[in-house]
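Hi,

Here is the structure I promised to pass on. Have a look at it first, and then read on for what turned up.

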Amino acid sequence: MNTIIQPLAKRPSWKALGTHHKIIGKLHLRKLFAEDSRRGERFTASAAGLFLDYSKNRITEKTLKLLLQLAEESGLRAKIDAMFGGDKINVTENRAVLHVALRAPRNSSIFTDGKDVVPEVHEVLDRMEAFFKSIRSGAWKGFTGKRIRNIINIGIGGSDLGPVMAYEALKHYSERSLNFRFVSNVDGIDFTEATRDLDPAETLFIVSSKTFTTLETMTNAQSARDWLLAGLGRDPKAVAKHFVAVSTNAEKISVFGIDTANMFGFWDWVGGRYSMDSAIGLSTMLAIGPENFQAMLAGFHEMDEHFRTAPFEENLPVLLALLAVWNTNFLGAETVAVLPYEQYLKRFPAYLQQLTMESNGKHVTLAGKKANYQTGPVYWGEPGTNGQHSFYQLIHQGTRLIPCDFIAFAQPVRPLGRHHDILLANVFAQAEALAFGKTAEEVKAENTVAALVPHRVFEGNRPSNVILAKKLTPEILGKLVALYEHSVFTQGVIWNIDSFDQWGVELGKVLAQRIVPELESNTEPDLKHDSSTNHLIRHYRDLKGVP
């Protein structure tokens with residue numbers, strides 16, 4: 001167990017990787033491929049219906065061997081066992097980390113604090129399915145007796161990003177007679193636009209907040225309540241027919257007017273960014289149905305089991321994580337571009353931003369010491385091929401090294417002529433261009449004007465992964481999300497940080513709670529912030545027209 005607490009810089013493999021980088025750091029992918037005709041076949045892995053080609057990373061066999069050694073020296077196997085065993089690996093909050101229990105089969109057992117949590121998970125799933133049936137059958141009626149046709153999820157962070165991403169990703173499988181919308185921003189425009197053309201009598205709100213106190217969510221929920229009552233004669237009894245809650249705070253839910261029988265709970269061992277397959281996914285189930293939702297959970301579980309049991313050299317989340325560590329800590333990359341060539345995955349990069357950066361955006365190790373190395377990179381991206389006509393210029397010819405994850409599917413969800421072959425040709429072409437580029441000699445051979453030659457050179461040697469699956473289905477979506485969840489966890493283990501707390505989001509929220517009454521006051525507030533904040537508050541109040 002000593003390797004688990006050993007500082008990163010003192011691990012033999014870390015030191016060896018530093019020395020190794022000095023030797024191969026300038027090595028070009030052109031040379032690596034020229035010297036190994038089977039490189040594109042050997043540096044691949046497949047599991048659970050996903051194929052990973054990582055051959056276009058700037059690594060050798062020795063690099064991979066040292067990275068795998070780093071995983072061993074970091075105590076990754078023990079950490080994986082601890083997570084699946086219900087140990088409280090979220091040390092700063094003294095909590096277990098059991099999002100894997102959310103997709104565990106009904107006949108399995110996962111314990112924390114001596115209690116099997118799987119029965120509770122399936123009790124909630126059963127209640128979600130019963131609710132789905134009442135909505136879809138029309139048995140659930142609104143206050144005026146009308147059928148529910150509009151469903152609005154109100155949440156923020158993981159309570160919004162997960163449901164939005166899943167809805168967009170699986171829209172092909174959704175019930176189109178129901179209208180789904182999502183409100184997260186406390187900017188009133190978000191709520192106004194979501195409801196502007198809806199009939200309150202046909203609208204159901206899902207309020208997703210574990211504590212039922214989140215400022216942005218509850219502000220939007222109160223506006224939803226006001227909007228509903230204004231449209232339905234201001235009878236408070238209407239609330240219970242048009243609101244349900246994903247929360248654990250029965251008292252506040254009852255005060256709001258929601259029937260606690262329509263409260264769907266989840267647990268402290270589920271982090272918000274890991275909750276899309278919990279009751280937070282109620283809107284997802286209402287959209288795609290229980291069978292598709294269960295297929296998604298089965299996909300999650302299959303990747304969980306692969307991560308838990310597969311040797312590291314064949315383990316997709318581990319390989320993805322180790323490559324990210326190599327690119328970040330040794331090649332100096334600061335970001336990762338996630339580029340799904342599937343329009344239905346248009347919200348997947350935004351979802352991954354929270355998953356990755358809220359998890360590993362940490363500067364303090366588990367030992368309470370400041371990390372003297374880079375941790376979580378910035379994740380960002382857009383669907384292909386749109387990005388090719390905007391930011392790919394920077395990826396190809398800019399001065400920054402930006403590793404890319406290309407995500408693609410062999411079969412389209414909705415076939416249309418030649419579209420899919422053209423789409424996939426772009427995936428393979430972009431990965432090829434990033435790796436090999438175009439030399440000055442190749443540019444000159446095209447009879448290019450000498451002055452333009454430097455501008456048309458592509459340096460190449462820019463790393464990328466290609467993740468390929470057969471088709472985007474609910475099952476495959478679950479596998480993709482779990483792939484990145486476990487990759488994030490693995491990176492955190494290497495960096496010796498807590499990937500499951502999020503203290504960094506707290507300070508701004510606390511200060512906002514202090515500033516709100518200063519902005520709303522009818523008299524001039526006694527401001528005690530810094531001079532900039534004080535001046536901004538006064539200027540804002542002046543523009544509002546208050547003293």
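Which helix gives the largest share of the lining of the second largest pocket? That would be helix H18 (residues 419-436), with 3 residues. Before going further, please keep in mind that this is a predicted model.

A bit more on that second largest pocket: it holds about 370 Å³ of space. Its lining is made of 16 residues, and Glu342, Gln343, Tyr344, Arg414 and Leu423 are the ones nearest the centre. Sorted by class, the lining has 6 nonpolar, 5 polar and 5 charged residues.

Now the largest pocket, with a volume of about 1100 Å³. Here 40 residues form the lining, and Thr214, Gln502, Val505, Glu506 and Lys509 sit closest to the centre. Helices H8 (158-169), H10 (215-231), H16 (348-360) and H21 (506-520) each give two or more residues to this lining. H21 gives the most, with 5 residues. The lining of the largest pocket splits into 15 nonpolar, 16 polar and 9 charged residues.

One helix pair is worth a look too. H2 (residues 12-24) packs against H5 (residues 61-73) at an angle of about 160 degrees, and their axes are 9 Å apart. Angles over 145 degrees count as roughly antiparallel, so that is what H2 is to H5. Their crossing is left-handed. On the H2 side, the contact includes Trp14, Leu17 and His20, while H5 brings residues including Leu66, Leu67 and Leu70. By class, the residues of this contact are 8 nonpolar, 4 polar and 2 charged.

Cheers

Key:
Residues are numbered from 1 along each chain as its sequence is written. This is a predicted model: local features need pLDDT of at least 70, side-chain atom pairs count only at pLDDT 80 or more; totals for chains, interfaces and linings use all residues. Side-chain values use heavy atoms; hydrogens and water are left out. Axes are lines fitted to C-alpha atoms, for helices over the stretch in contact, and angles run from 0 to 180 degrees between N-to-C directions. Helices (H or I, at least four residues) and strands (E, at least two) are DSSP runs, numbered from the N terminus. Angles under 35 degrees count as roughly parallel, over 145 as roughly antiparallel, 65 to 115 as roughly perpendicular and the rest as oblique. A crossing is left-handed if the near helix is turned anticlockwise from the far one by less than a right angle, and right-handed if clockwise. Contact means heavy atoms within 4.5 Å. Ala, Val, Leu, Ile, Met, Phe, Trp, Tyr, Cys and Pro count as nonpolar, Asp, Glu, Lys and Arg as charged, and the others, Gly among them, as polar. On a 1 Å grid over the protein atoms alone, a cavity is a set of points where a 1.4 Å probe fits but cannot get out, and a pocket is an open set with protein on both sides within 12 Å along at least five of seven lines; lining residues have an atom within 4 Å of a point. Grid points are joined across faces, edges and corners, and a volume is the space filled by probe spheres set on the points.
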